[in-house]
Amino acid sequence: MLKKSKNIKICIVGLGYVGLPLAVEFSKKYPTIGLDKDNNRINELKNGYDKTLEIKSSELKSLNNIRFTSNYHDTKNCNIYIITVPTPVDKKNKPNLLPLKEASEIVGQLINKDDIVIYESTVYPGATEEYCVPIIEKCSNLKYNHDFFCGYSPERINPGDKKHSLKTIIKVTSGSNEITADFINALYSSIITAGTYKAKSIAVAEAAKVIENTQRDVNIALINELSIIFTKLGLNTSDILETAGTKWNFLPFSPGLVGGHCIGVDPYYLTYKAREIGYNPEIILAGRKINNKMGEIISENIRNKLIENGVNIIGARIAIMGFAFKENCPDIRNTKVINIFDNLKQQGANVFLTDPWSNKDQVKKEYNITLNNVNDLNNLDVIILSVSHNEYKDLGIDYWKSIMKNKAIFFDVKSIYRKGFFKNTKISYMSL
């Protein structure tokens, strides 16, 4: 393994939100190949376009030490393979390891003696060595920790966040033996300015990753449940959180929709493994249950307010502003805004959906929904500000008044505004 350390050639398997930034940074130090089975994705990257908007076109076009390909045979001369494929859950919230399986099979056909395979995809503790390694051994006819070596360095990418980028977040690393762990740690240290943290083992690194988002999920669930209680008490949750936040050790979480590829998914990987070893987790799954029903809670609150205002939800004109799972990001994976949309549609409302960041074709293909232009919205009974994109923050009171009926509802999911923003109008302000 160490004999090749002076001639490192890296292959990144999977060029999504995690893989592409990693490939770009490694290519600034080492010859790098970016591998993805999506031909359209490869062609876009070759032409300098990243649909995830994580990498600027100018930076992509300036790279001269990287090759993008969908042909895995092009990577045979690599000696470091880093797998960054998605690890979603199925309809029953069980881990879907098919992308991981396929990537491991491909790498197993490519690796040579002394090569290293590093996984970045979020998994349950033990998955790398219990699930992935046997696949590589079978496909390569090589023996683990004798002929090839493995590591796990969990991704910490936060889509749309330009402050906390790959290089500025401490990178956890690990390896299948001490020499490999040191080598992998040095490899990542060469591109991560924030530094690295070498975990005691691959399983420790896997567990650390999966609890990062599980902890956030449970904390958000608590605040979501508190917001349900406070709403029923006629109290404003933001006012209460602001007041409680004056204590030094009060944690700054806020209520909202919990979707995306991490917080809304990772806890299921941990609970899957827990059940496999005979333990039924309670707090984690209770948090998931609360967060998953927030779309329904929002819809119910709106329906009740419409009734109070004497407006029938059947035929009501409702606009949902934002479809991505988070602000200033085009990522629509596991968005929970769809729960609000579907619930209101099922009750007979006319629902319009806008999002300045999400790709119209992708939304249509994956959800069969046509995005509307904000300039076409008018005469609305309800506006649901579901995602705090900067474009929505910049819209003033005159705009909101111009597209809403005189006595309408403004539901501010992320509490971008406060009730006082609409004080000189007849608009009813609501929030979680």
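**Notebook: surface first, then the fold**

I began with the surface: the chain exposes about 20,300 Å², by the Shrake-Rupley method with a 1.4 Å probe, where for residues only the protein chains shown count as cover. Carbon and sulfur atoms supply 50% of that area.

I noted that this is a predicted model, where local features need pLDDT of at least 70, side-chain atom pairs count only at pLDDT 80 or more, and totals for chains, interfaces and linings use all residues. Residues are numbered from 1 along each chain as its sequence is written, and side-chain values use heavy atoms, with hydrogens and water left out.

**Whole chain**

I looked up the secondary structure and found 15 helices and 13 strands. These are DSSP runs numbered from the N terminus, helices being H or I with at least four residues and strands E with at least two.

Along the principal axes, the C-alpha atoms fill a box of roughly 75 × 50 × 40 Å.

Of the 432 residues, 53% are buried. Buried means under 20% relative accessible area, exposed over 50%, and partly exposed in between (1.4 Å probe, protein chains only).

I also looked at contacts, meaning heavy atoms within 4.5 Å. Among those with a separation of 6 or more, 72% join residues 24 or more positions apart.

For charges, I have 56 positive and 46 negative, with mean positions 2 Å apart. Lys and Arg count as positive and Asp and Glu as negative, while His and the chain ends are not counted; the places used are NZ of Lys, CZ of Arg, CG of Asp and CD of Glu.

**Helix α9 and its cover**

I moved to α9, residues 266-276. Its buried residues are D266, P267, Y268, Y269, T271, K273 and A274. What covers them? The cover includes α5 (127-140), α7 and α10 (283-292).

I picked K273, which lies in α9. K273 is a lysine I find buried, with a relative accessible area of 13%. Which side chain does the side chain of K273 meet in a polar contact? I find E130, at 3.0 Å. A polar contact is a pair of N or O atoms within 3.5 Å; within protein, one must be able to donate a hydrogen and the other to accept it, and residues adjacent in sequence count only if both atoms are side-chain atoms. Beyond four places in sequence, K273 is in contact with Y124, P125 and E130.

Next I took T214, in helix α7 (residues 202-233). T214 counts as buried because its relative accessibility is 5%. The side chain of T214 reaches the backbone oxygen of V210 at 2.6 Å. With neighbours within four places set aside, T214 is in contact with D266, P267, L270 and I284. I note that D266 and P267 are among the buried residues of α9.

Just after α9, I logged G278 with a positive phi of about 95°.

I compared two residues in the loop between α8 (237-244) and α9: P252 and G264. Buried or exposed? P252 counts as exposed at 76% relative accessibility, whereas G264 counts as buried at 5%.

I read 9.7 Å between the C-alpha atoms of P252 and I220, which are 32 residues apart along the chain. G264 and N65 are 199 residues apart, and their C-alpha atoms are separated by 36 Å. Not counting residues up to four places away, G264 touches V258, G259, R288 and N334.

I looked up D114, which is not a glycine, and found a positive phi of about 80°. D114 sits in the loop between α4 (98-110) and β5 (116-119). I class D114 as partly exposed, at 23% relative accessible area.

N141 also has a positive phi, near 60°. I place N141 in the loop between α5 and β6 (149-152). At 70% relative accessibility, N141 counts as exposed.

**A buried loop residue**

Last, I looked at I313, in the loop between α11 (294-308) and β9 (317-321). I313 is buried, with 10% relative accessibility. Beyond four places in sequence, I313 is in contact with R303, L306, L344, Q347, G348 and A349. I also read 60 Å from I313 to N79, C-alpha to C-alpha, across 234 residues of sequence.
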